[in-house]
Amino acid sequence: MKIVYSDRHAAHDPQTFFVRGVKQRSTEQPERATRLLAAATGAGHEVVAPRAYGTAPAATIHSPDYLDFLQTIARDWARLPDASAEVVPNVHPARYPATYPKALAGRAGWHQVDLACPIGPGTWDAALAASELATTAADMVLEGSRAAYALCRPPGHHAYADMAGGFCFLNNTAIAAQRLRNQHQRVAILDVDVHHGNGTQGIFWERPDVLTVSIHADPSNYYPYFWGHAHETGSGKGEGFNLNLPQPLGSPDAPWLAAGDTALARIKEFAPTALVVALGLDASESDPLQGLKVTGPGFHAMGRKIASLGLPTVLVQEGGYLSDDLGRNLVQFLAGFG
Ligand SMILES: [Zn+2]
């Protein structure tokens, strides 16, 4: 497997994360990527450099005002009196009709859905680099590679067209899927991260050309709470083209893999000609976020199942946090994928 990687992610090192109201360092740390890279190269996978695309691929998914916000907010925020080192919103427009504000605090609340997506001086460049990794991997697949893996950090699947959240800023998975649409009429996304891919769901909610399927811990008691329930199936022309397969918290391999079979059956019915896998590894039994209890052999088996579709496939790294199994689980999945 070709691993698309850049060390530009390291400029993004978020310090702000709240758990039950207590501030702590984010679990989304640069060491995640270096561990994944070391494990993949140790297993013999080849690293390739990303191509330069600038903001064009991101702009196929994200709104101009949001991209402007991400590019400028850290610099402008730093000029505010007594500002924090990272942009963290303290107000949100919530669920009622609202007007886009001029104030930086208001724009932060508009574009950052939670406190788990602080924006520091290096966030924009790292997020842009991750979008270029995903685009490079998609182009490699469009050029004939059977599969390619983008080692993206920060992750992307919680990011909407105009909103960051849950460690995510640019939706690398969505950007890759849209890139594949340049040559493929129907593209499927399978998200196996322990968290629902709510941003990806939101982006393709009304579209019948990109099927979104997510297997995740039941959001009724797990992030992202408001999205990821089984009754969310898309709307308008996209009705029926979103499938959520929530799993009870703490589920082990067997039900997770059975959900994989359900997902693959829906994907086969959709009959796409290309696939994007949102490859979160945080469903691991060893992950500090403790949503599901998937083992290394479980990741291996999921890799095999997905590979059996025989589709040109872009693998995009999503979540998966520091544990002794993080790198091993990536290697297991890639070995299963073959
Ligand atoms: Zn996750």
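Here are legends for a few close-up views of this predicted model.

Local features need pLDDT of at least 70 and side-chain atom pairs 80 or more, while totals for chains, interfaces and linings use all residues. Residues are numbered from 1 along each chain as its sequence is written, and side-chain values use heavy atoms, with hydrogens and water left out.

**View 1. The open sheet of eight strands.** Read across, the order is S4-S1-S5-S10-S9-S6-S7-S8, with parallel pairing. Strands (E, at least two residues) and helices (H or I, at least four) are DSSP runs, numbered from the N terminus; two strands pair if DSSP finds at least two bridges between them. At the edges sit S4 (46-48) and S8 (242-247), each pairing on one side only.

**View 2. Where S1 meets S4.** S1 (residues 2-4) runs parallel to S4, joined over three bridges. Look for Lys-2: its bridge partner in S4 is Glu-46.

**View 3. Helix H5 on the sheet.** H5 (residues 123-142) lies across S1, S4, S5 (147-150) and S10 (313-317), at about 175 degrees to S5. Angles run from 0 to 180 degrees between N-to-C directions, using axes fitted to C-alpha atoms, for helices over the stretch in contact (heavy atoms within 4.5 Å).

**View 4. His-184, in the loop between H6 and S6.** This residue is buried (under 20% relative accessible area, 1.4 Å probe, protein chains only), with a value of 13% for His-184. Leaving aside neighbours within four places in sequence, His-184 is in contact with Leu-142, Thr-273 and Ala-274.

How values were computed: Buried < 20%, exposed > 50% of the residue type's maximum accessible area, 1.4 Å probe, protein only.
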